[in-house]
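Reader: Hi! Could you walk me through this one in plain words?
Author: Happy to, let's take a look together.

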Amino acid sequence: MMETINIRRIGYPIRHDFNEFVHRYASIAPSLERMHKKASERGDRSDQRAIATKICEIALAGQDYQIGKHKVFLKDEHDAMLEQARQKVLADRILALQKAVRRFYAQRVFERAKKLAQWLQQSWLCYAERRAFCEVNRINRQYLCIDWF
């Protein structure tokens, strides 16, 4: 209890367990995120402190934060900075996903329109050739009829 009071008095009111911190903020550094995912798949939590330290070094370069034995201690503004960086990364990923989905649908619509245009062109060409053939036959039939009589 006294330790908590002293930590808060020093100015680090935000405390995150290493696993929680890494899980939440690993997306800020993609290489660390891959490292965290591989460690999570193995069930290995020994690298959590090292990953948390690297995240702080990347996102809070030159800022005042503390790494304890089991937790990361942050000031309010640093927590806000981390959240803002995380929100930016998530927004970028969401935009990339939306872009890919929109592209997929646009390509699908384009391919359907292209097939329809080709079908219409082929149909019109067949119609025009048939009409020309019938016209030629009609003219030939008139001449044939005149020549025979």
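Reader: Is Tyr-105 buried, exposed or partly exposed?
Author: Tyr-105 counts as partly exposed because its relative accessibility is 44%. Buried means under 20% relative accessible area and exposed means over 50%, with partly exposed in between (1.4 Å probe, protein chains only).

Reader: Thanks! Where does Tyr-105 lie?
Author: Tyr-105 lies in helix H5, which covers residues 76-148. Helices (H or I, at least four residues) and strands (E, at least two) are DSSP runs, numbered from the N terminus.

Reader: What should I know about the model and the numbering?
Author: This is a predicted model, where local features need pLDDT of at least 70, side-chain atom pairs count only at pLDDT 80 or more, and totals for chains, interfaces and linings use all residues. Residues are numbered from 1 along each chain as its sequence is written, and side-chain values use heavy atoms, with hydrogens and water left out.

Reader: Good to know. How many aromatic pairs are there?
Author: The structure has three aromatic pairs. Rings of Phe, Tyr and Trp (its six-membered ring) pair if their centres lie within 6.5 Å; planes under 30 degrees apart are stacked, over 60 edge-to-face, and the rest tilted. One of the pairs is Phe-104 with Tyr-105, which is edge-to-face because the planes stand at 65°, with the ring centres 5.5 Å apart.

Reader: And how are Trp-124 and Tyr-127 arranged?
Author: They make a tilted aromatic pair, with 5.3 Å from centre to centre and 40° between the planes. Trp-124 and Tyr-127 are three residues apart in helix H5, so about one helical turn separates them. Trp-124 is exposed at 56% relative accessibility, whereas Tyr-127 is partly exposed at 39%.

Reader: New topic: how many helices and strands does the chain have?
Author: The chain has five helices and three strands, in the order α-β-α-α-α-β-β-α along the sequence. Among its 149 residues, 23% count as buried.
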